[in-house]
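Please open the model in your viewer and keep the selection tool at hand.

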Amino acid sequence: MASDGDIRVLIVLDLLLSAVFGTVVVWGLSLLGVLTFSLRTAALATLLIAVVTYLAVLR
């Protein structure tokens, strides 16, 4: 029997990996002087990446 899995696990993984990737991207852009690194900027990047990933993969 094949199972699609639990959507809650996928959402948690999406948020976790988006947080890591978003933080690294914001940190890298702050090194280049493009953005200022802050928790708010990292959180917005995380939210943006998570929403795009959800729409592209899970919908």
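This is a predicted model: local features need pLDDT of at least 70, side-chain atom pairs count only at pLDDT 80 or more; totals for chains, interfaces and linings use all residues.

Is Leu15 buried or exposed, or does it fall in between? Its relative accessibility is 43%, so Leu15 counts as partly exposed, the class that lies between under 20% for buried and over 50% for exposed. The residue belongs to helix H1.

Together with Leu15 they form a nonpolar patch on the surface, with about 480 Å² of accessible area. Helix H1 (7-32) and helix H2 (39-58) each give two or more residues to this patch; H1 supplies the largest share, four residues.

Now select the whole of H1. Its 26 residues should span 38 Å at 1.5 Å a residue, and the end C-alpha atoms lie 37 Å apart, which agrees. Within H1, highlight Asp14, Ser18, Gly22 and Val26, which are buried. An α-helix has 3.6 residues a turn, so residues three or four places apart point the same way.

Move on to Gly33, which follows H1 and has a positive phi, near 85°.

Finally, display the complete protein chain, which has two helices and zero strands. Its radius of gyration is 14 Å, well over the 10 Å that the globule rule gives for 59 residues, so the chain is more spread out than a compact globule. The C-alpha trace spans about 50 × 15 × 15 Å along its principal axes. Of the 59 residues, 14% count as buried.

Methods. Residues are numbered from 1 along each chain as its sequence is written. Side-chain values use heavy atoms; hydrogens and water are left out. Patches are made of residues with over 30% relative accessible area and no salt bridge: like charges are joined within 9 Å, nonpolar side chains (Val, Leu, Ile, Met, Phe, Trp, Tyr) within 5 Å. Accessible areas come from the Shrake-Rupley method with a 1.4 Å probe; for residues, only the protein chains shown count as cover. A salt bridge is a side-chain nitrogen of Lys or Arg within 4 Å of a carboxyl oxygen of Asp or Glu. Buried means under 20% relative accessible area, exposed over 50%, partly exposed in between (1.4 Å probe, protein chains only). The expected span of a helix is 1.5 Å times one less than its number of residues. The radius of gyration is taken over C-alpha atoms; the globule rule is 2.2 Å times the number of residues to the power 0.38.
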